[in-house]
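I opened my notebook to look around this protein one spot at a time. Here is what I looked up, in the order I got curious.

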Amino acid sequence: MIQTDYIDVSVTLPLDITFVYKVPDHLREQCAIGMRVLVPFGRRRVTGYILGEQESCGPYKAKNILDVLDDHPLFPVNEIPFFKWVAQYYIYPLGEVIKTALPAGLDRQDVSCVFVTTSGITAFSTGGLAPGEAGVIQFLKKREGCTLKQLIKSSSNPSIAALVRKMEKNDLLTVSAILKKEIANIKREKFIQDLGKVPPDTIRISQKRQQILSIVRERQEVSMTSLKAHVPTAARLIGPLAELGYIGIVQRQVFRDPLGDPVEPDTPPTLTDEQAILIETVRVNRSKGFIPYLLTGVTGSGKTEVYMRLTADAVESGKTAIVLVPEIALISQTERRFRARFGEKIAVIHSMLTHGERLDQWRKLALGKVSIVIGARSAIFSPVENIGVIIVDEEHDTSYKQETGLRYNARDLAVVRGKMQDCPVILGSATPSVQSYQNVKDHKFTQLTLERRVNQNPLPKITLVDLKKYKDFRGTERIITPELAIEIRACLERGNQALIFLNRRGFATFPACKECGKSLNCKFCDVTMTFHKGQDIYKCHLCGHTLPASVSCPECNSKKIQNFGFGTEKIETMLKSMFPDARLTRMDQDTTSKKGSILKLLKSIRNRTVDIIVGTQMLAKGHDFPSITLVGVVCADLSLSLPDFRASERTFQLLAQVAGRAGRGEEPGKVIMQTYNPEHFSIEAARQQDYMDFFNHEVPFRKALMYPPFTRMIQLKISGRDEQKVAKTVEQVADILKQLLSAAPKIRETVQILGPIEASIHRISSRFRWQILIKSISSIHISRLVNAMRVHPSIKGIKQVTIAIDVDPYSLM
């Protein structure tokens, strides 16, 4: 409960400061730090978060809060410094940081909505309106009103906002502020209680009501859902029983269960000598508090068992644990293994949960009902206290980097939160990031190593196939080479499973007109469309725009569109033709978009109801399928050609990880890696499964060009719909940066500005994109420079152009 008259509130608006509000007496007992409140802000109402108490409001008159929106804090007090650090480091408004951290759908604020007035309807029916005005009235009449934002977005009139103001002034429209409802809500259910009163023999009670009384008396309390399983009409039968005082009816919060099928409890296996030494090392050092560890180990070396033992240590000592995994598909596997070990002590947090399910998982953590959270990157914000260990599996994975809004890296935040909570942090990977391994070299991280697989099996034998030999071939042999085809057949004959990997989805990736040669491009993005044969459409993988398969050439109107290139869908079709007796499945973004589809696919692989699995990178990491003895990489070079200094690193990691899926069971594994660049050092290092060989080749290049991890970097992503306005803004931002840099001689020598330059894909979703890179050996220097730029008066006046700040960027596309 709040003890003072005033509170410090951060609002969900793009503002860097907090505000002081007064707490009315009737709301005092309901308020606590970490709760949401509804507050007046200017002429509207918005959501705010209580961050602390204030003795006074200073020289200003504080406004009263309007309402308290929670019955329990959504985050603990000790997480507030963490939120403030994130806001400062990533140069992002504090209220927006907290909004990002919390489950989606909890924001309440006034939204401007537009409605037609009686005068507007009359003027429309008599034809006394200009065409633009009539169009607006017609649009609103169909929808019985809509938000101002929806109206502006749907209109092609660039002056629509001015037109609405004019129509409002002429009493044709009214614009009202309406409080937006929360999307996520707490689920409540009726519970029926036994009040101990027995009906006398003189009162006649129906057989079904007697059955209800019998069930309630036996259990003392039963939920309506459970009761309806026995008596389907119970909902309309319990009223009279309650009125007579035989039963009590109460409403209580219940938690939605997003977990999969029940799992059998497991017995912890005997640790290998390497695992035992490693776990003991962490245990011995526990009293030292925060130590960041980098756990490197070959694929299949038992890292997950190490994670579970360290989690068990934390829970047994009365503490909590955060376990991060990069992919939703991996959460399923990890969650099952942890549930088999820890029962119902876990919560899961990821984007495939519904708003309600995620809110329930969050509240279970905030209320202390569970002590272990497993999730994707957003789980790093989980409202847990007294953390005993933070674990980041596959720490190298780019999925830990958020690419929109608050562009945080969950792996880096795990280290920061571990330091603030004074607990060990375990970053694990068979192919660690160059950043993390350099931290080991610089003695910032402590290295832990697992050099052998748990079952003592050797690493799979990797064979490189030079695709240049087949460039003049036609048909399937150019894509599925004879070497790969022979190994797939041998694998199937032995009754094992094969994984065929290609990190590109769709059927054909380059459709072009046979008449004029013009490629079929997305009209909103500077990329070609991809043909999806199963859906019979062309689809843009950037904005989602689709065209029917019967589309004509936009240049010459010819119907002769030929589909070049290939993706996972085409590979699946080829393999079905080559191996008609085999059972195939495909795992990519197209086949896993529906809720539950990932679990279903993984279950079919685990139960061996499929023989060949065709998949993208979501199959490449962390999965443990003992029956997969062959991995075929269709084209190992796809990521090498990207205009990004991390291209070699990502190629090595992806290839080494997918190769590690083979031979994890009793039979040895084999990998066929098809490539146009067999001599490239990252592909050769992947073939040898030699991380140090890759690292020693890569680091000199990074150091010579002063790229991370030897510098810190901030990327400014500048975009807008007006190409000329964006180009003008880019020059303006670059000039301001140069002026600020020349005025700061102390940092001038340590900061380098690259650009501005058009982004590799200049237009996405009709937005034209530019970028500026700022590099320095000091993160403080570049943060100060960018902060000074964003508060510059010239920048504050920019409209219709977005300047996004990406600290420690991962994608330079």
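**Entry 1: a leucine in a loop**

Is Leu619 buried or exposed? I kept in mind that this is a predicted model. I looked up the relative accessible area of Leu619 and found 1%, so Leu619 is buried, the cut-off for that being under 20%. Then I checked where Leu619 sits: in the loop between strand E27 (612-615) and strand E28 (628-633).

Next I listed what Leu619 touches, leaving out residues up to four places away in sequence. The list holds Leu499, Met587, Ile605, Ile613, Val614, Phe625 and Arg661.

I turned to Asp806, which has its place in strand E33 (residues 801-807). Its relative accessible area is 0%, so Asp806 is buried.

Which side chains make polar contacts with the side chain of Asp806? I found Lys401 at 2.9 Å and Lys717 at 3.3 Å. Not counting residues up to four places away in sequence, Asp806 touches Lys401, Glu403, Arg407, Met713, Ile714, Gln715 and Lys717.

**Entry 2: the nonpolar cores**

How many residues does the largest nonpolar core have? I read off 111, and the residues with the most contacts inside this core are Phe75, Ile380, Phe381, Leu716, Leu737, Ile772 and Ile774. Helix H22 (residues 723-742) gives the most to this core, with seven residues. Apart from this core lies another, of 30 residues, including Ile291, Met308, Val348 and Ile426.

Setting aside neighbours within four places in sequence, I noted contacts of Leu737 with Leu716, Ile753, Ile772, Ile774, Leu785 and Met789.

**Entry 3: helix H1**

I went along helix H1 (residues 80-89) and marked Ile80, Phe82, Phe83, Val86, Ala87 and Tyr89 as buried. What covers these buried residues of H1? The cover includes strand E4 (44-54), helix H2 (94-101), helix H14 (410-421), strand E30 (712-720) and E33.

**Entry 4: a three-stranded sheet**

I reminded myself that strands of a sheet pair through backbone hydrogen bonds, either parallel or antiparallel. Here I found an open sheet of three strands in the order E22-E23-E24, with antiparallel pairing.

Why is one side of E22 and of E24 left without a neighbour in the sheet? Strand E22 (530-532) and strand E24 (546-548) stand at the edges, and each has a single partner strand, so one side of each stays without a neighbour. Neighbouring strands of the sheet are turned by 30° against each other on average, direction ignored. Three bridges join E22 to strand E23 (residues 537-539), and Thr530 stands opposite Lys539 in E23.

**Entry 5: a glutamate in another loop**

Last, I visited Glu667 in the loop between helix H19 (647-659) and strand E29 (670-675). Glu667 is partly exposed, with a relative accessible area of 35%.

Glu667 touches Asn457, Arg494, Asn496 and Thr629, not counting residues up to four places away in sequence. The side chains of Glu667 and Asn496 make a polar contact of 3.1 Å. I noted that Glu667 and Asn496 are 171 residues apart in sequence but 9.2 Å apart in space, C-alpha to C-alpha.

How values were computed:
Residues numbered from 1 in each chain as written. Predicted model: local features only at pLDDT ≥ 70, side-chain atom pairs only at ≥ 80, totals over all residues. Heavy atoms only, no water. Core = buried A, V, L, I, M, F, W, Y, C linked by side-chain atoms within 4.5 Å. Buried < 20%, exposed > 50% of the residue type's maximum accessible area, 1.4 Å probe, protein only. Helix = DSSP H or I, 4+ residues; strand = E, 2+ residues; numbered from the N terminus. Contact = heavy atoms within 4.5 Å. Polar contact = N/O pair within 3.5 Å; in protein donor to acceptor, adjacent residues only side chain to side chain. Pairing = 2+ DSSP bridges. Axes fitted to C-alpha atoms, helices over the stretch in contact; angles between N-to-C directions.
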